[in-house]
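Could you walk me through the backbone of this model, stop by stop? I have the viewer open and would like to know what to select next and what is there.

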Amino acid sequence: MNNARIGVDIGGTFTDLVLFGDAGETFFTKVPSTPAKPEEAVLTGIRQITETAGVSVSAVAEVVHGTTVGSNTLLQKVGAKTGLITTKGFRDVLEIGRVRTPTMFDLSWEKAVPLIARRYRMEVDERSTADGRILRHVNEQEVIEIGRFFEAEGVESVAVCFINSYRNPENENRVLEIMRAHFPDMWVTASVSVLPEIREYERTSTTAVNAYVLPSLRAYFERLENGLRDIGVSAPLLISNSNGGLSSARMAQEKPVFFISSGRSAGVVGAGRLGEAAGEKDLVVFDMGGTTASASLIHKGELSRANEYEFRAGISTPSRFIKAGGYLMRVPTVDVAEVGSGAGSIARIDEGGLLHVGPLSAGADPGPVCYGIGGTSPTVTDANVVLGFLPPALAGGSMKLDVDGARAAIGRDLADPLKLSIEDAAFGIREVVNINMARTIKAVTVERGVDPRDFAILAFGGSGPVHACDLARTLGISRVIFPRSPGVFTATGMLAAKVERYFLRSLHGRLDQLPVAEVNALLKEMRADGYDSLAEEGYTDDQIECSFEADLRFKGQDFEIPIALPDTVTENDRASLRAAFREAYKAIYGYASDDSVEIVNIRLNAGGNSGNLLAFTAHKPEDGPADDVTTRKVYFSRKDGWIDTPIHQRATFRGGAVGPLIIQSPDTTIVVPPGAKADLDAFGNVVATLA
């Protein structure tokens, strides 16, 4: 093996690694995550997987990485002490937000505390007009005094966002020059370098998030790159971004706001590639790990994407109808709904005697009780091992589970207070977490006007296959697909992704008066920027693909819908763009008016493909020993109680089985309930058909 690509996905409990060789060889491994120093698990895993594959670390040609460092920084509020420099009169934009709540009648809702305290939101007397004319230039001394105040207060990172700077960045760039000249140790992010787009709140919030997470993510990537060099890996490090594409580590260090959802979107990209190969065009993509569970939609072969999303506790979703719940980031992203319900989610009883599961997770440290490494609170994993869904040892037998310890914790904290048997309490944990996760699927289907019963679930993650069939039955879905190595599928998805660059230009006006010559000149300029950017990464012109979108809206409305734009625009495209916009609008809202349509922005996604991406191909099971079947008792329902259940090994499973059954592999466990049929398709996926 002369060239090996390694995909790495850091989860809250395990760090997953997949190695893909130049001849199609694939290896995987899982190592416990190290939350205090996430790079240590990555380096340990790379040593292990290269040793397993029998290759030298010098043969590694590329490391592709998805990380939760950015999202954890926001979730745990451990980012940099951050300041804001903004136009006079706009100090409270972050506080005002969109002047709405995510749910109208929720009296218990609490507004997210701004990442930048009001004390550190400073105004300067500058001004630009809506057409980009500078009315008042920046006063250098005023900026220096603000910088001195920040320095005295220990501010580490600064966001700069001026009104109308997207039309003329001169004043923002001047502040950038002043701050870097006088305060070189302070990180500074200008909004025009992150989001040169109309809307003050969206631009300010996105810039503030970038400034808040920048020092921690930059430090992490520097430690990781140094660690890779120390163990002999000289290959480039690519980072999975929120849109499911890849970018250089340098880009991630400069614009970390594009990487907050790094990792979770990669699994959706992999699902799209697998669905395309297998002819599965309508999929609910379900991923359950140790800390969270997420869902996304692939409809008619197209991934669901959005240009903004909000990060918040509880359920996080880019829904067009749920706003103001958290920290807004207007960046390209796969449309993923996520909830804090994973295998490590802690079960507890509230003051009213009700059972709750999550969002607090035991993570990798101290972990579930059954791991025997210090965890004391019962989790979903503890419930699953008590009920027999999980084997007494995980990770191919290398991690022995303390079943008695799990039973004792559930009995002490849940069963005894609720006067239930340990089995019923454990089953209650499973029911509650399933309902929580069903919300994520409804968020990307029912809330989008899509009937989930028309789709199949593609389930992966360390724990997704353990719960997917139950979710399918709850939602009326009849088919569940489990890919090969589902426990490390997100890392696999990273190896199927392209390097991408994103570009945006504002172009405001009526669509029926679209200046075709001006638009084509802008497209040509943006395309040249895309080619130049990817050429720096070593891609040749024939390896680069460009796709354009126009942000369109009805006149007088405030939010747009992206519509595909041809590479060269003609006069006739005005009508076709209007028709495509009205169709997309009607699909979302159920109605489309005859009002005039406006164009707001043009977007470019430039992707590089060197031809070495992982591809999903038809898979014929290898000749080998007959299916090795054992049995153990599993508690599938309160009605049926314990059932003697066949236990199959994934490596020797040949399909044609009827549930109840469990299919085990070193990376995960597939649970097929009573009455369901389990078969293999041409790609080696296990397909469960529910009665």
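Select lysine 300 to begin: lysine 300 is exposed, with a relative accessible area of 64%. Keep in mind along the way that this is a predicted model. You will find lysine 300 in the loop between β14 (293–299) and β15 (302–303). Now check the backbone there: phi of lysine 300 is near 55°, a positive value in a residue other than glycine.

Next, select asparagine 164, in the loop that runs between β9 (157–161) and α5 (170–182). What is the phi of asparagine 164 near? The value is near 65°, again positive and again in a residue that is not glycine. Is asparagine 164 buried or exposed? Asparagine 164 is buried, since its relative accessible area is 12% and the cut-off for buried is under 20%.

From phi we turn to omega. Most peptide bonds are trans, so the two remaining stops deserve a look.

Select glycine 358 together with proline 359: the peptide bond joining them is cis, with omega at about 0°. Colour by secondary structure and you will see proline 359 within strand β22, which covers residues 355–361.

For the last stop, select glycine 659 and proline 660. A cis peptide bond links this pair as well, and its omega is about 15°. Where does proline 660 lie? Look in the loop between β33 (657–658) and β34 (661–664).

How values were computed:
Residues are numbered from 1 along each chain as its sequence is written. This is a predicted model: local features need pLDDT of at least 70, side-chain atom pairs count only at pLDDT 80 or more; totals for chains, interfaces and linings use all residues. Side-chain values use heavy atoms; hydrogens and water are left out. Helices (H or I, at least four residues) and strands (E, at least two) are DSSP runs, numbered from the N terminus. Buried means under 20% relative accessible area, exposed over 50%, partly exposed in between (1.4 Å probe, protein chains only).
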